[in-house]
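I opened the notebook to look up the ligand site. I wanted contacts, then cover, then the pocket.

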Amino acid sequence: MKLFKTTFAEFLQFEALKNQTLKEDLSELILNIADSCKGIRKILSQGYLGGDLGAVVDINVQEEDQKKLDVISNSIILEYCAKGSSVKALASEEMEKPVVVAPRSGKYLMLFDPLDGSSNIDINGPVGTIISILPSSSCGDIEQDFLQPGSNQIAAIYVLYGPSTNLVLTLGNGTYEFTLSPVEDEFFLTGSKLEIPADTSEFDINSSNYRFWEKPVRRYIEECLEGKDGARGRDFNMRWVGAMVCDVHRVLSRGGTFMYPMDEKLRTKGGRLRLMYEANPMSFIIEQAGGLASTGYQRILEVQPTNLHQRIPVILGSKNEIELINSYHIDY
Ligand code: F6P
C-alpha cells in the first residue's frame, strides 16, 4: 500500500476546506480522540509487564465483567475528551449515565466503547476503541438528546490495536484509514475512500450459537458451508476474532460478512452488540465504504434508539451478501 505522508491533523485541515460540518471544534475533538487512543495503545503495549490488565475489577451496566483495562481506557478517553465547551456530554459502555461537560454551549454528543473485545486482553489478541459523534439538539434532557438514529451521526471512528494501530474515520463522505507511526507517534493517511468488494466468499460469525439462531441466518450459513456442492456453488471461508473492531476491519479491508445476529438466548436483551456505540458507528463506516448494515429486517442506521445501552442484532459487510441475507429474512 502506498504511504501518503499526510498526518491526521493535515487531513482534517484539508477536509475542513470542503466539509461544512467539520468545524474547528469538531476537528479538535477528533484530534483529542486520536491522542487518547495513542495513550491506550501505550498501556496495551506493556502487556503482562503492565500488571494483570485483564483482571476483572467490577461488573458494568451491561452486567458484563469490567476489566482493569476497560476502566483505564474509559478514564483516558474522558481525560482527553471531557473538556472544552464543544462537547455537551459523553456516554460510554462502561458508565451507566452520561458525563455532562458543557450543557449550554456543547454542540456534540460523544458515545464510545473504550475497549472493544476486552476478552482478548489475556491472550494478547487484537482489541479496539469505537466512537460515535452526534449533533446535540436543544433538548433539555441529556439522555433523551442522545437517542438519535445512527443516520444523524456526524462522525464515526474506530481504532484497531493490532500488530499496528489503525484509525478508521468517516465524516459522511467516504471512509479513511490512518496508521500510527511508532517512530513519529503520529497517525498517517494510508487509505482513502475505501471500498468494500460487493461480493465475498468469507463469513464471520460465532458459530457456537448455531442452535439459537433464527432460520434465515441458519439457512445462509448452511448454504455457505455446503460450498460448491450447494446452492451458492462456491466454497466459503470462516473467521472469528471475537473483537468486533478487528472483525469489521477485515470486512473493510478485503470484504466479507460480519454477523452477531439475534438468537434465542439473547432475545430478551435485544441482541449482543450495543446499538449506539458499536452498531451505529460501525454501520456508518461500512456504508460509507459501499457496504450494508442491517438487523436482517431493518437498516441499522434507521433504528430509533430507546435506550443508551440498547442492544441490537448486527449483520454487515459486502453489499450483495447482505442483500441476500436480508432477502432470507423477508422470506422468513
Ligand atoms: O462488544 C462485544 C464483543 O466483545 C465484540 O467485540 C465481539 O464481536 C463479541 O463481543 C464477541 O462475542 P462472543 O464472545 O460471544 O464471541
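**Ligand contacts**

I began with Glu-278: one of its polar side-chain atoms lies 2.6 Å from an oxygen atom of the ligand. The model is predicted, so I keep in mind that side-chain atom pairs count only at pLDDT 80 or more.

On its own, the ligand has 400 Å² of accessible area, and the protein covers 82% of that.

Next I checked Tyr-260. An N or O atom in the side chain of Tyr-260 is 2.5 Å from an oxygen atom of the ligand. For Asn-206, I read 3.0 Å between an N or O atom of the side chain and an oxygen atom of the ligand. I took 3.5 Å as the limit for a polar contact. The pair at Asn-206, at 3.0 Å, is therefore within 3.5 Å.

**Shell around the ligand**

Which residues come nearest to the ligand? I listed Asp-116, Asn-206, Met-244, Tyr-260 and Glu-278, out of 13 residues around the ligand. I sorted the shell by class and got 6 nonpolar, 3 polar and 4 charged residues.

**Largest pocket**

I asked where the ligand sits among the pockets. The space taken by the ligand is the largest pocket. Two elements give two or more residues to the ligand shell: β13 (257–260) and β14 (273–274).

I noted a volume of about 450 Å³ for the largest pocket. Its lining has 25 residues. Gly-117, Ser-118, Ser-119, Gly-242 and Arg-272 lie nearest the centre of the pocket.

I went through the lining by class: 7 residues are nonpolar, 6 are polar and 12 are charged.

Which elements each supply at least two residues of the lining? I wrote down β2 (65–67), β5 (108–116), α6 (244–254), β13 and β14. β5 gives the most, with 3 residues.

**Cross-check**

I put the two lists of elements side by side. β13 and β14 are in the list for the ligand shell, and β13 and β14 are also in the list for the pocket lining.

Conventions: Residues numbered from 1 in each chain as written. Predicted model: local features only at pLDDT ≥ 70, side-chain atom pairs only at ≥ 80, totals over all residues. Heavy atoms only, no water. Near = heavy atom within 4 Å. Polar contact = N/O pair within 3.5 Å; in protein donor to acceptor, adjacent residues only side chain to side chain. Areas by Shrake-Rupley, 256 points an atom, 1.4 Å probe, with all protein chains shown as cover. 1 Å grid on protein atoms, 1.4 Å probe; cavity = no way out; pocket = protein on both sides within 12 Å on 5 of 7 lines; lining within 4 Å. Sits in = over half its atoms within 2 Å of the grid points. Helix = DSSP H or I, 4+ residues; strand = E, 2+ residues; numbered from the N terminus. Nonpolar A, V, L, I, M, F, W, Y, C, P; charged D, E, K, R; others polar. Points joined across faces, edges and corners; volume = space filled by probe spheres on them.
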